[in-house]
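Subject: Structure handover and notes

Hello,

Please find the structure below.

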Amino acid sequence: MLVSTVPAVEERAAASPGLVYVIPIKGMIERGLLYVIRRGVAQAVDQKADAIIFDMDTPGGRLDAAEKILSIIAGINTKTYTFVNPNAISAGAIISFGTDEIWMAPGSQIGDALPIMLSPTGTPAEMPEGIEEKAVSYVASMIRSAAQRKGHDPKLAEKMVRREIEYKIGDEVIAPAKQLLTLTNVEAERIVGTDEGRRHLLSRGTVTDLNALLKEIGFEGAEVVTLRVTVAETIARYIEMLSILFLAGGLLCLYIEFKTPGFGLPGICGIMLLAIWFWGHHIAGLAGMGEIVLFGVGLLLLMVEILFIPGFGSIGILGFFLMIVAMVMAMVQHYPGGPWQPPVPEVQDAIFNLGTSILISGVLMYFVARYLPDTPLFQHIALQKQLKPGAGYTAAQQDATLVGRRGRTITPLHPGGMAEFGEQRLNVMARGQFIDAGTPIVIAEVHGTRIVVD
């Protein structure tokens, strides 16, 4: 949703000195935000905007999302600006180097783009030395490439990724070795170099707000269109960030539902969590109706296998396979007009997320199976009373006085048949071998209605 309706290009040219699109980059950078930025850039290009300003305040986020945002920015001819307001850290710094000019608000900062690895719980985890060097090398090349493409200093950009190098201009050391580079607005706009090589270190200057920035870049009085993130898109961003937890919770609730009689709260919660998970990925531009329908068909086949077909065969396996495929594809970015097959790294990342969700839900399933039967809640929905013989409960009345009685078979015992004991006829069972009709027998054991004879 935009704050204003953009007029036709011909009308705008006569009415104002230009059109500027403002696209906010707020909070964590993840795939949900990527969809919003792609939407905003597409609208700006479609309306032939004269400039695009990325209003940035972010602590960083996903590297793959930042890389795709860089690719989007590199593919447009419109002049682009980053307004650091007030933070462009990590992935935010990388994106900033992909724009033509960087401006900063008072008290703002930019830098510290060293890649880190997160554990499944979202906390930083230590990377093995070989993997760390590989990740750092890749990010360093990415930020250098973005800086070179837009005329920024690639060595300065690399210093925000590599702590071991020294960054200096001439004989002046700007950032010593063993220290990641993060610049304040004052440090970033300082003039460096000598004679004809004098330039701003990074930022073109400090401005108090967007209006001041528009004046500095020559768009004072221009029509400004600010991209507004809808409520649905905001919710979808949080769902995408917590994707693993929603998926693991949904699978766990369905497991509990299969283990309890009837259909109740666990099944409803499981379906709701998975529905929310799919809805969030759909709004974020990841899951389409195809993935949702595919998952529904798989779930239906699995339910048919469990409820109506004895054992577990091809129908259940097919349903489970369709559900897995749907969940993997729902976590892969789709590009309009692009190839039908998704990039391999995205599929690998989706499989990793799905595997992590299954692992988390598997661990929780173990504890549920181990401890849930002892909880008061479970005892309200499942029969806990055991009808033990010691408490006076039996499946049938036992007559112990029958043991030792002698009689004769009326029919062959193969192994069961009829026998006569005086005037009483009973159904009996031979023990160990078949017995012909008319053979003398004796009752050896009585187990309820089961009478065993020799």
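I start with a loop: D112 is found in the one between β5 (109–111) and β6 (117–118). Strands here are DSSP runs of E with at least two residues, helices are runs of H or I with at least four residues, and both are numbered from the N terminus. This is a predicted model, in which local features need pLDDT of at least 70, side-chain atom pairs count only at pLDDT 80 or more, and totals for chains, interfaces and linings use all residues. Residues are numbered from 1 along each chain as its sequence is written, and side-chain values use heavy atoms, with hydrogens and water left out.

D112 is not a glycine, yet has a positive phi of about 50°. Its relative accessible area is 32%, so D112 counts as partly exposed. The cut-offs are under 20% relative accessible area for buried and over 50% for exposed, with partly exposed in between (1.4 Å probe, protein chains only). K178 also has a positive phi, near 65°, and is a residue other than glycine. K178 sits in the loop between β9 (172–175) and β10 (182–184) and is exposed, with a relative accessible area of 75%.

The backbone has a cis peptide bond as well, joining N85 and P86, with omega at about 5°. P86 belongs to strand β3 (residues 79–89).

Overall figures

The protein has 15 helices and 18 strands. Of its 454 residues, 41% are buried. The protein exposes about 24200 Å², and carbon and sulfur atoms supply 61% of that area; accessible areas come from the Shrake-Rupley method with a 1.4 Å probe, and for residues only the protein chains shown count as cover. Among contacts in the protein with a separation of 6 or more, 62% are between residues 24 or more positions apart. A contact means heavy atoms within 4.5 Å.

Helix α3 and the helices it meets

Helix α3 (residues 63–74) has 12 residues. From its first C-alpha to its last, α3 reaches 16 Å, close to the 16 Å expected at 1.5 Å a residue; the expected span is 1.5 Å times one less than the number of residues. Its buried residues are A65, A66, K68, I69, L70, I72 and I73.

How do the axes of α3 and helix α5 (residues 129–150) cross? They come within 12 Å and cross at roughly 20°. That makes α3 roughly parallel to α5. On the α3 side the contact is made by L63, E67, L70 and A74, and on the α5 side by Y138, V139, M142, A146 and R149. Axes are lines fitted to C-alpha atoms, for helices over the stretch in contact, and angles run from 0 to 180 degrees between N-to-C directions. Angles under 35 degrees count as roughly parallel, over 145 as roughly antiparallel, 65 to 115 as roughly perpendicular and the rest as oblique.

M142 of helix α5 is buried, with a relative accessible area of 9%. Leaving aside residues up to four places away in sequence, M142 touches L63, E67, L70 and I94. The C-alpha atoms of M142 and L70 are separated by 9.2 Å, while the two residues are 72 residues apart along the chain.

The axes of helix α2 (residues 31–46) and α3 come within 9 Å and cross at roughly 10°. The two helices are therefore roughly parallel to each other. R31, L34, I37, R38 and V41 of α2 make the contact with D64, A65, K68, I69 and I72 of α3.

Other places to look

G193 is in the loop between β11 (191–192) and β12 (199–200) and is partly exposed, at 28% relative accessibility. G193 touches I169 and R198, not counting residues up to four places away in sequence. D171 is 22 residues from G193 in sequence, and their C-alpha atoms are 9.9 Å apart in space.

Helix α13 (residues 314–329) has 16 residues and reaches 22 Å from first C-alpha to last, close to the 22 Å expected at 1.5 Å a residue. G316, G319, L322, M323, A326, M327 and V328 are the buried residues of α13.

L359 lies in helix α14 (residues 344–371) and counts as exposed, at 59% relative accessibility. The C-alpha atoms of L359 and A248 are separated by 8.2 Å, with the residues 111 apart along the chain.

Regards
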